[in-house]
Amino acid sequence: MFRKITTLVATAAVSAMIFAGSALAAPITIKFSHVVAENTPKGIAANKFRDLVAERMPDKVVVEVFPSSQLFDDDQVLQAMQLGDVQLAAPALSKFGRYTKQLDLYDLPFLFKDMNAVEKFQKSDKGMELLKSLESKGFVGLGYLHNGLKQLSSNKALRVPGDAAGQKFRIMTSDVLAAQFQAVNAIPLKKPFSEVFTLLQTKAIDGQENTWSNIYSQKYHEVQPYITESNHGVLDYMVITSTEFWNGLPDDVRTEVKKALDEAITYGNQIAGDKDTEARAKVVESKRSEIIELTPEERAQWVEAMKPVWKQFEDTIGKDMIDAAYAANN
Ligand code: LMR
């Protein structure tokens, strides 16, 4: 009898331990690393994803967001992802050159007339095909996230392409962007985002290209007296993870995480336009920088000078791809 009770007690204790063990199983951690400020379209979308996951699966998954290059710069993050040090990132489409040349498409100057055209193309079959362009390298493209169209800032008023000649511009790590500046006889320098403010402030470079939300949140307007509203190219992102991490998630968790991410991306893409307008207004209000609005004739000169870049990259990007993207303007 005594032995029976002891066995029962022991069995109950083991069951309790197993139960407690499974209830206390550590949640899966998803580290989301990015380089911009929190109050930008990408920063807001990343935090939204973290909050949705916290609300819906608090015991299963924890999302930790690291903004402002706190964890990695964009040129380190993909390697870190392959090593399992970070699970999510959303680098600009201009930063995947080491892995694929297909995404070069997005850097062609004056390809898209506005963000509606960008959105339309990304949702098309060809746009979805590009989302898969990193699969052979061990990455899963989970969605496109918007920022907006880029403007040119400089320590000199840039009205026509000749004004940029001889100037040093910081660019993202894209050969197309290098060619774009070379087309106007300027000098492109590939530098990490985290270094741009100091490079501008110390006058190690003359100018840069970026969206209004990045210009405002990084305070470039405080160290750049002129911003030309050129809208000459798009700055968008691909939200990615590693195939190994993604496939290793339990099916139900992967489905829920993807749902939360889709919602966060949709939200980020909805507010990107407003953030752009708001940041531009704040730059105007600051009176630190003069905004140069191009006349149609001046703008046509930039288009004419930079458009030959399309031909230069036609073989690697594919003419059918360029035509499909351009057609999204209609
Ligand atoms: C840049 O390097 O200028 C951008 O990629 C930063 C960003 O993520 O918006």
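1. Two strands are taken to pair if DSSP finds at least two bridges between them, and the helices (H or I, at least four residues) and strands (E, at least two) named here are DSSP runs, numbered from the N terminus. The model is predicted, so local features need pLDDT of at least 70 and side-chain atom pairs count only at pLDDT 80 or more, while totals for chains, interfaces and linings use all residues. Residues are numbered from 1 along each chain as its sequence is written, and side-chain values use heavy atoms, with hydrogens and water left out.

2. Strand β5 (residues 151-154) runs antiparallel to strand β8 (residues 207-210), to which 4 bridges join it, and S154 stands opposite G207 in β8. Strand β5 also runs antiparallel to strand β9 (residues 226-229), here with 3 bridges, and S154 stands opposite Y226 in β9.

3. In a regular strand the side chains alternate between the two faces of the sheet. Both faces of β5 are covered, with Q151 and S153 on one side and L152 and S154 on the other all buried, where buried means under 20% relative accessible area, exposed over 50% and partly exposed in between, with a 1.4 Å probe and protein chains only.

4. The buried residues of helix α14 (residues 319-327) are M321, I322 and A325. Seen down the axis of α14, these residues fall within an arc of 95 degrees (taken from the directions from the helix axis to the C-beta atoms), so they line one face of the helix. They pack against α4 (115-123), α5 (125-131), α12 (308-312) and α13 (314-317), contact meaning heavy atoms within 4.5 Å.

5. A search of the whole structure finds 3 cavities of 30 Å³ or more, a cavity being a set of points, on a 1 Å grid over the protein atoms alone, where a 1.4 Å probe fits but cannot get out, and lining residues having an atom within 4 Å of a point. Grid points are joined across faces, edges and corners, and a volume is the space filled by probe spheres set on the points.

6. The largest cavity holds about 70 Å³ of space and is lined by 14 residues, of which V35, K95, N214, L235 and Y237 lie nearest its centre. Its lining has 8 nonpolar, 2 polar and 4 charged residues, with Ala, Val, Leu, Ile, Met, Phe, Trp, Tyr, Cys and Pro counted as nonpolar, Asp, Glu, Lys and Arg as charged, and the others, Gly among them, as polar.

7. The second largest cavity has a volume of about 50 Å³, and its lining divides into 9 nonpolar, no polar and 1 charged residues. Among the lining residues are F32, K42, F49 and L261.

Notes
On a 1 Å grid over the protein atoms alone, a cavity is a set of points where a 1.4 Å probe fits but cannot get out, and a pocket is an open set with protein on both sides within 12 Å along at least five of seven lines; lining residues have an atom within 4 Å of a point.
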